[in-house]
Amino acid sequence: MRAFVLKARGELGWVEKDEPVLRDAHGVLLRPLLVSPCTSDVHTIWQGSPKRTELTLGHECVAEVVKAGNEVRDFRVGETVAVSAITPDWSQPDVEENYAHAGHNFSGHLLGKSIDGAFQERFYLPYADRNLAHIPEGLTLEDALICVDVMQTGFTAAEEAEIRAGQTVAVMGIGAIGLAAILAARLRGARQIFAIGSRAENAALAESMGTPGCAVTVLDYRSAAAALPPTMHPLSNSTGAAFVNEILQRTNGRGADAVLVCGGSELALAQAADMVKYGTGIISNVMYFGADPELEAWQQEHQRVRLLRDGGEDATLSIRDYAAVDAILLPKFSMGRGMAGKTLKFSLSRGGRAHLEQVMASVRAAGIQPGKLITRRYQGLDKIERAIYDMKDRKAIKIAVKVGERN
């Protein structure tokens, strides 16, 4: 069986693997029909922590059930299903609270992270009744494909921000996740959405998402030139970003009710902190901040170092022991020296069947066609490699690779 795998950081390739086996009674074997490479695949390949040798990549997939364990009740062999990109370990009680993590980073991200993913001829998925989803009538396979990760993540960003009717929302990043977050914020009743990004194709799509009850305004961070409102303290904009000034101007210095961080630079959280309002503002981050490989290696090399002044077996490292820290910056002034009343949430997309079916039902009821985010298509399993490099080089908003036909 052919499989597209991660051989080492930055090294990809095709290998032959044995057919997967049905490991547990609650699991299924799946045949991918439609897959999409994700920016998370790009992160895993070029920025992520070490993975096991020849891990098959891929976690965005619509598939056919080939074989089901005897405890699987809700899905049958031959059925076409949506596969949630986030596949929690439902044996862990913590997952019931957040539909993602089970006590450590990325614990809900099994496919293509800790178990073989969808970029092979067949793959295994555990807890089928809670990780697969029925595709509602009227939703195309491409629509469903975009729902399994992109829409789920965009909805998670909006849900964690607790967006309510009439609010002003800023969305940082207008890639696929940012565009999904715009739709999710609109469905939750946002009155004004500021979308921050620069890619012309994405900007046009973002602006088309506006409705009479919800204006969507795109701010190009490269060409923005607004000044800080004269009544505001100079430290109110810690990074000097003109788009932050623009939002502060347009909200009369109040700031946005919520900021959804779906893209941006290493300064994204500082900028979000500057433009979210005091007291009740919420910053909801679903963006991946890549590790600094050199710093990561340095820290691993020195993690057992003990300071001479402490000595002894019980001595521990403190933050001062490092020459540098791989960290995210937050501005003291905008955070009220720690007392601004602003809330920060860092979320892995919610996953599993219940959330995915809820997202697909909302999309269907609203008449939204997520498949419009697909701007490049390929045919054949062998095209997955090209599609991944296209995502790395930002040649498309989303890419669909058709690797099989329905029986």
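Buried residues have under 20% relative accessible area, exposed residues over 50%, and partly exposed residues fall in between (1.4 Å probe, protein chains only). The views below show a predicted model, in which local features need pLDDT of at least 70 and side-chain atom pairs pLDDT 80 or more, while totals for chains, interfaces and linings use all residues. Residues are numbered from 1 along each chain as its sequence is written, and side-chain values use heavy atoms, with hydrogens and water left out.

**Salt bridge between Glu142 and Arg377.** The closest N and O atoms of Glu142 and Arg377 are 2.8 Å apart; a salt bridge is a side-chain nitrogen of Lys or Arg within 4 Å of a carboxyl oxygen of Asp or Glu. Glu142 belongs to helix 4 and Arg377 to strand 15 (residues 374-379), so that the bridge links distant parts of the chain, 235 residues apart. Helices (H or I, at least four residues) and strands (E, at least two) are DSSP runs, numbered from the N terminus. Glu142 is partly exposed at 23% relative accessible area, and Arg377 is partly exposed at 47%. The structure holds 17 salt bridges.

**Salt bridge between Arg350 and Glu160.** The closest N and O atoms of this pair are 2.6 Å apart. Arg350 sits in the loop between strand 14 (343-346) and helix 10, Glu160 in helix 4, and the pair links distant parts of the chain, 190 residues apart. Arg350 is partly exposed, with 25% relative accessibility. Glu160 has 17% relative accessibility and therefore counts as buried.

**Salt bridge between Asp74 and Arg353.** Here the closest N and O atoms are 2.7 Å apart. Asp74 is in the loop between strand 5 (60-68) and strand 6 (80-83), and Arg353 is in helix 10 (residues 352-366); the pair links distant parts of the chain, 279 residues apart. Asp74 is partly exposed at 37% relative accessibility, whereas Arg353 is buried at 17%.

**Aromatic pair of Phe4 and Trp14.** A search of the whole structure finds two aromatic pairs. Rings of Phe, Tyr and Trp (its six-membered ring) pair if their centres lie within 6.5 Å; planes under 30 degrees apart count as stacked, over 60 as edge-to-face and the rest as tilted. The ring centres of Phe4 and Trp14 lie 5.0 Å apart with the planes at 55°, so this pair is tilted. Phe4 in strand 1 (residues 2-8) and Trp14 in strand 2 are ten residues apart, and the pair links distant parts of the chain. Phe4 is buried at 0% relative accessibility, while Trp14 is partly exposed at 22%.

**Aromatic pair of Trp46 and Tyr389.** These rings are edge-to-face, at 5.6 Å centre to centre and with 70° between the planes. Because Trp46 lies in helix 1 (residues 39-46) and Tyr389 in helix 11 (residues 384-392), the pair ties together parts that are 343 residues apart in sequence. Trp46 is partly exposed at 23% relative accessibility, as is Tyr389 at 33%.

**Val42 and Gly10.** The C-alpha atoms of Val42 and Gly10 are 9.1 Å apart in space, and the residues are 32 apart in sequence. Val42 lies in helix 1 and is buried, with 14% relative accessibility.

**Negative patch on the surface.** Glu16, Asp18, Glu19 and Glu121 gather in this patch. Patches are made of residues with over 30% relative accessible area and no salt bridge, like charges being joined within 9 Å and nonpolar side chains (Val, Leu, Ile, Met, Phe, Trp, Tyr) within 5 Å. Lys and Arg count as positive and Asp and Glu as negative, with His and the chain ends left out. Asp18 is in the loop between strand 2 (11-16) and strand 3 (28-36), and is exposed at 72% relative accessible area.

**Positive phi at Glu162 and Arg394.** Glu162 is not a glycine, yet its phi is positive, at about 55°. Glu162 is in the loop between helix 4 (141-160) and strand 9 (168-172) and is partly exposed, with a relative accessible area of 40%. Arg394, also a residue other than glycine, has a positive phi near 55°. Arg394 is in the loop between helix 11 and strand 16 (398-402) and is exposed at 62% relative accessible area.

Conventions: Areas by Shrake-Rupley, 256 points an atom, 1.4 Å probe, with all protein chains shown as cover. Charge placed at Lys NZ, Arg CZ, Asp CG, Glu CD.
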